[in-house]
Amino acid sequence: KYTTDLSTGWDVKKQALDNAWEDIHERMSEAAELVKKGEKSPIYYFMEKNLMDLTLLSDYTGFWKFTIKRHFKPSIFVSLNQSRLEAYAKAFDITVDELKNFKG
């Protein structure tokens with residue numbers, strides 16, 4: 001005969017996960033603020049939102065990491081061609097319009 005019982009130790013795990021998600025939300029908020037201020041492009045925000053780093057985004061898009069860093073600059077971002085925007089939109093699972101029109 002089996003009985004169920006709450007295991008011990010879940011509070012510690014829950015607290016650790018809560019702290020990790022809090023950090024993630026904080027990074028997303030900071031990224032959105034940088035986009036709003038015009039210091040970073042929407043690519044930077046969506047990279048943070050999708051829990052990606054430069055290496056992972058590079059793998060998804062096929063762009064070199066230093067190219068992606070350049071695309072973080074709003075002045076470079078506005079001049080990106082449609083195919084590059086589509087590659088980013090596909091990696092982030094959003095539309096090109098959502099990417100281009102994100103204002104923070």
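Helix α2 is among the elements that cover the buried residues of helix α1, where helices are DSSP runs of H or I with at least four residues, numbered from the N terminus, and buried means under 20% relative accessible area, exposed over 50% and partly exposed in between, with a 1.4 Å probe and protein chains only. This is a predicted model, in which local features need pLDDT of at least 70 and side-chain atom pairs count only at pLDDT 80 or more, while totals for chains, interfaces and linings use all residues. Residues are numbered from 1 along each chain as its sequence is written, and side-chain values use heavy atoms, with hydrogens and water left out. The protein has seven helices and zero strands, strands being DSSP runs of E with at least two residues.

**Overall form**

- Read from the N terminus on, the elements follow the order α-α-α-α-α-α-α.
- The radius of gyration of the protein is 18 Å, whereas a compact globule of 104 residues would have a value near 13 Å; the radius is taken over C-alpha atoms, and the globule rule is 2.2 Å times the number of residues to the power 0.38.
- Along the principal axes, the C-alpha trace spans about 65 × 30 × 25 Å.
- Of the 104 residues in the protein, 34% are buried.
- The accessible surface comes to about 7600 Å², and 52% of this area belongs to carbon and sulfur atoms; such areas come from the Shrake-Rupley method with a 1.4 Å probe, and for residues only the protein chains shown count as cover.
- Among contacts with a separation of 6 or more, 50% are made by residues 24 or more positions apart, a contact being heavy atoms within 4.5 Å.

**Helix α1**

- The 28 residues of α1 should span 40 Å at 1.5 Å a residue, and the C-alpha atoms at its ends are 40 Å apart, which agrees; the expected span is 1.5 Å times one less than the number of residues.
- In α1, the buried residues are I24, M28, A31, A32 and V35.
- G38 follows α1 and has a positive phi, near 80 degrees.

- Just after α2 comes L51, which takes a positive phi of about 55 degrees.
- The largest nonpolar core has 27 residues, and those with the most contacts inside it are I43, Y45, M47, L57, Y88, F92 and L99; a nonpolar core is a set of buried Ala, Val, Leu, Ile, Met, Phe, Trp, Tyr and Cys residues joined through side-chain atoms within 4.5 Å.
- At least two residues of this core are supplied by each of α1, α2, α3, α6 and α7.
- In soluble globular proteins, nonpolar side chains tend to be buried together.
- When residues up to four places away in sequence are not counted, L99 touches P42, I43, F46, F77, L85, Y88, A89, F92 and I94.

**Salt bridges**

- A search of the whole structure finds two salt bridges, each defined as a side-chain nitrogen of Lys or Arg within 4 Å of a carboxyl oxygen of Asp or Glu.
- In one of them, the side chains of D18 and K14 meet at 2.8 Å, N to O, and these residues are separated by about one helical turn because they are four residues apart in helix α1.
- D18 is partly exposed, with a relative accessible area of 37%.
- R27 forms a salt bridge with E48, and the closest N and O atoms are 2.8 Å apart.
- The pair links distant parts of the chain, as R27 is in helix α1 and E48 is in helix α2, 21 residues apart.
- R27 is partly exposed at a relative accessible area of 44%, while E48, at 10% relative accessibility, counts as buried.

**Two residues in their surroundings**

- S58 lies in helix α3, residues 54–61, and is buried, with a relative accessible area of 14%.
- Leaving aside neighbours within four places in sequence, S58 is in contact with F63, W64, K65 and I68.
- R84 is placed in helix α6, residues 82–92, and is partly exposed, with a relative accessible area of 29%.
- Leaving aside neighbours within four places in sequence, R84 is in contact with F63, T67 and H71.
- The C-alpha atoms of R84 and W21 are separated by 30 Å, and the two residues are 63 residues apart along the chain.
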